[in-house]
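Reader: I would like to go through this protein chain step by step. Please take the overall form before the single residues.

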Amino acid sequence: MKASRQRLNGLIRKEFLQVLRDPSSLAIAFVMPVFLLLLFGYGVSLDAKHVPVGLVVEHRSSESREFTAGFEHSEYFQTYYFANMQTAQQALRAKQINAIVHLRADFARQLAGSEPAAIQVILDGVDANNARLLNGYIQGVWERWLNARAERQGHSPPAAVQLQPRIWYNSALRSRNFLVPGLIALIMTLIGALLTALVMAREWERGTLEALIATPVSIREVLLGKLIPYYLLGMGGMLLSIAMAVWLFQVPMLGSLGVLLVCGSLFMLVALGMGLLISIAAKNQFVAGQVAIIVTFLPAFILSGFLFNIDSMPAAVQAFTYLVAARYFVAILQTVFLAGNVWAIIVPNALALALMAAVFLGLALWRAPRRLE
């Protein structure tokens with residue numbers, strides 16, 4: 001047992017020396033998470049703010065000025081006035097604006113009379129999601145203006161039912177609060193797999209694996225010697241990403257950091273196990289790196305629920321997402337960050353990660369002897 005521990009310590013020390021001599025692993029563990037988190041965190045947003053909107057007011061009146069002021073004072077719109085619908089439509093076709101709000105000449109008269117006052121809204125539907133958001137924002141301006149006008153005149157609000165929404169967990173509706181925790185899972189999938197995908201392939205390329213086999217070390221000790229240093233590097237990168245999420249992107253963290261690190265450890269073991277399995281199968285660092293990106297990053301990006309709602313996917317695709325480890329870690333991260341320690345979500349997802357870690361590490365151990373012998 002003592003000899004085994006000494007051999008394992010020797011292998012871990014050898015791997016750390018290898019990391020120091022070839023700092024590419026340090027770059028993957030610490031520089032890549034920072035770069036990717038900055039790139040995606042600032043570059044990806046689902047919010048629609050300062051959207052250019054054209055206003056066509058055929059007759060200026062106090063009512064039309066009050067209504068258009070709701071657009072001018074909103075952070076969601078950048079307003080542009082057009083003299084008529086023809087010039088506004090030309091701007092919409094030229095992509096200079098995303099919507100047109102048209103108030104006809106009889107707008108004030110209709111408001112004063114018994115007939116309903118209508119506004120015309122034309123939306124650019126090329127980006128359907130943006131068009132839906134914009135339509136909701138414009139309706140919000142219209143309803144707030146109607147309510148404010150009714151209160152000034154001493155009337156009750158026009159709607160028979162008053163909707164009083166209350167938003168839990170992300171009351172500010174910041175898409176960054178939702179995206180950044182998911183980004184940590186996405187980035188750690190890539191980092192974890194890349195870290196170990198290259199180590200065995202590097203040994204194959206340099207011809208040092210045969211020398212390692214000639215020593216009294218067992219294949220279990222070789223894999224542990226490869227796994228432990230990169231697990232520590234990966235967890236360092238994860239801690240750095242969590243710190244950036246909290247202090248740089250101002251994402252609230254309502255749950256426990258300890259719970260997040262325990263679940264993060266399980267996820268890191270899954271990612272490292274996948275990388276080890278790829279590294280054992282491939283004898284070339286370039287091939288191993290390409291395979292790691294294709295089988296880890298792309299499924300995690302599309303099928304983890306980080307960006308696309310899994311419940312909206314076809315049933316067959318939903319079933320496939322259960323094989324994507326990032327799906328479970330995204331659910332844990334978003335829960336711990338925004339809702340706290342909700343055990344009904346954390347426990348089953350953590351158990352799924354533990355099972356996947358056992359499977360991938362077991363497969364790596366099973367495949368290694370046959371390739372080494």
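Reader: How many helices and strands are in the protein chain?

Author: This is a predicted model, and what follows is computed from it. The protein chain holds both kinds of element, and the count is 15 helices and four strands.

Reader: Why is the protein chain described as more spread out than a compact globule?

Author: For 373 residues the globule rule gives 21 Å. The C-alpha atoms fill a box of roughly 95 × 40 × 40 Å along the principal axes.

Reader: What share of the contacts between residues at least 6 apart in sequence join residues at least 24 apart?

Author: A contact here means heavy atoms within 4.5 Å. Among the contacts that qualify in the protein chain, the share joining residues at least 24 apart is 78%.

Reader: How far apart are the centres of the positive and negative side chains?

Author: The protein chain has 29 positive side chains and 20 negative ones. The centres of these two sets are separated by 11 Å.

Reader: Where does N129 lie, and how far in space is it from I228?

Author: N129 is part of helix α6, which covers residues 128–152. Its relative accessibility is 41%, so N129 counts as partly exposed. N129 and I228 are 99 residues apart in sequence, and their C-alpha atoms are separated in space by 44 Å.

Reader: In which loop is K95, and what is its phi?

Author: K95 sits in the loop between α4 (85–93) and β3 (99–103). K95 is not a glycine, yet its phi is positive, at about 65°.

Reader: Is Q250 buried or exposed?

Author: Q250 is found in the loop between α10 (219–248) and α11 (257–281). Its phi is positive, near 60°, in a residue other than glycine. The cut-off for exposed is over 50% relative accessible area. Q250 has 54% relative accessibility and therefore counts as exposed.

Reader: What percentage of the 373 residues count as buried?

Author: Buried means under 20% relative accessible area. Of the 373 residues of the protein chain, the part that counts as buried is 45%.

Technical notes. Residues numbered from 1 in each chain as written. Predicted model: local features only at pLDDT ≥ 70, side-chain atom pairs only at ≥ 80, totals over all residues. Heavy atoms only, no water. Helix = DSSP H or I, 4+ residues; strand = E, 2+ residues; numbered from the N terminus. Rg over C-alpha atoms; globule rule 2.2 N^0.38 Å. Buried < 20%, exposed > 50% of the residue type's maximum accessible area, 1.4 Å probe, protein only. Lys, Arg positive; Asp, Glu negative; His and termini not counted. Charge placed at Lys NZ, Arg CZ, Asp CG, Glu CD.
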